[in-house]
Amino acid sequence: MNTQSWMGRQFFSFFMTWGVFLPYWTGWLIHIKGMTVSQASLIMSLGLAVRGLSTLFAFPYLSGKFSSKILLNGMGIGTLIAILCYIPANSFTTLLVVTLFLHFFYPALMPALDSAAGILVQSKQLRDYGKSRSWGSIGFVVSGMILTFFTGTFGDDAIFWALLLGMIVFLCLGFMNTPDVLSEKPKSVQTKGAIKKLFSIQHFGLVLVIVILLQAAHASYYNYGYIYLQEIQAPKYLIGLIINIAVIAEILFFFIADRTFRKFSIGSLLALAALGSTARWILVFAFPHVIMFTVAQTLHAFSFAMAHYAFMKYLIKYVPHEQVPITQGVYSALALSWSTALFTIFGGYLYEMEPRYAFIGMVVCTIPAALLAFVYRRLEGKNKGAETRQLVI
């Protein structure tokens, strides 16, 4: 089978659903389920906390027991059940419980897909990670474009039904043919102390802190970008398009990443990501206008895509095959879940003071990330020089 096409299809179908959930779900809780901004913020933050527990402990443990195919299908089934549970849920308590249930299964699909891609790259069955991942970004854009039409026509009720339909499609595709290596039961791996062992890998702790800061800086955008665009009076039929400009920039980056940035060091990529992220949030704060928000969206190619690509490049280069799922679990828990949960609460507090503050507040992450990235870049250069001298000797 064509592994490149298979991986692209899986990314595409998953991110079709993620393009509904990530930018719109907080707004759906507010506009359809009647939650306040602070209530929705708390629900999503606690959901992210559970997501962290799931990806840090449950996902690595299950990755050592089951094949990637079984994991992806099992998590997909759990996600579908959780989405259906939203139908009768209407109170704060029931919505919170369902959201916690959803976050145990749904976001874990992301590290599961990235782990599958990492395994395929290391086993020489997937040539370009960036090219396959770009199809995920395309799926995100496609879903947003379609959803824009339906929310404009039928209102925000369409958000729920789009997520439900998207997950059904993802599950159907998941039961089709899979590369043989992903259907194999994993070798027995000692999970006790496995996370601690990761920190013995060269500069792992430093790289992890940098990506944690860079991904946490998206908390306000993910949770309040949709309602902020309404705040600055963006036409409703254009909101989906504006949100997806960020993902179009992401698509373009991933499409050219393997070719254009192959010779860039990991430290250089992280430094560029941090500088681009800082510029993005300053622009959104300084110019509260639809046009400037739209322009700032293009910097998502730096703030998210380049940071993620740099971490995947580090993982493929330095992390042993058997430790890939654990590494993905740590990354997803700390960078994509707990840190984002913390800064979602922080951003919600700032948003209620003044919406623009929620975005400028994110530079408390990006500026330290930039400084640390330059430190790592220097260490990386010294290590490369030492390796060169050893080869000469």
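Y314 is buried, with a relative accessible area of 0%, where buried means under 20%, exposed over 50% and partly exposed in between (1.4 Å probe, protein chains only). Y318 is partly exposed, at a relative accessible area of 23%.

The model is predicted: local features need pLDDT of at least 70 and side-chain atom pairs pLDDT 80 or more, while totals for chains, interfaces and linings use all residues. Residues are numbered from 1 along each chain as its sequence is written, and side-chain values use heavy atoms, with hydrogens and water left out.

**Aromatic pairs**

A pair of aromatic rings is described by the distance of the centres and the angle of the planes. Rings of Phe, Tyr and Trp (its six-membered ring) pair if their centres lie within 6.5 Å; planes under 30 degrees apart count as stacked, over 60 as edge-to-face and the rest as tilted. By this rule the count comes to 38 aromatic pairs. Two of them are set out below.

| Pair | Centre to centre | Angle between planes | Class |
|---|---|---|---|
| W25 and Y86 | 5.2 Å | 75° | edge-to-face |
| Y314 and Y318 | 4.9 Å | 40° | tilted |

W25 lies in helix α1 and Y86 in the loop between α3 (68–85) and α4 (92–105), so their pair ties together parts that are 61 residues apart in sequence. Both W25 and Y86 are buried. They also belong to a cluster linked by ring pairs, whose members include F11, W18, Y106 and F170.

**Helix α1**

Helix α1 (residues 3–31) has 29 residues and reaches 41 Å from its first C-alpha to its last, close to the 42 Å expected at 1.5 Å a residue; the expected span is 1.5 Å times one less than the number of residues. At Y24, α1 bends by about 60°, the bend being the angle between axes fitted to the seven residues ending there and the seven starting there. Because 23 of its 29 residues are buried, α1 is largely enclosed by the rest of the structure.

**Salt bridges**

The structure holds two salt bridges, each a side-chain nitrogen of Lys or Arg within 4 Å of a carboxyl oxygen of Asp or Glu. E250 forms one with R133, the closest N and O atoms being 3.3 Å apart. This pair links distant parts of the chain, with E250 in helix α12 (residues 236–260) and R133 in helix α6, 117 residues apart. Both E250 and R133 are buried. The side chains of R356 and E354 also meet in a salt bridge (3.7 Å, N to O).

Conventions
Helix = DSSP H or I, 4+ residues; strand = E, 2+ residues; numbered from the N terminus.
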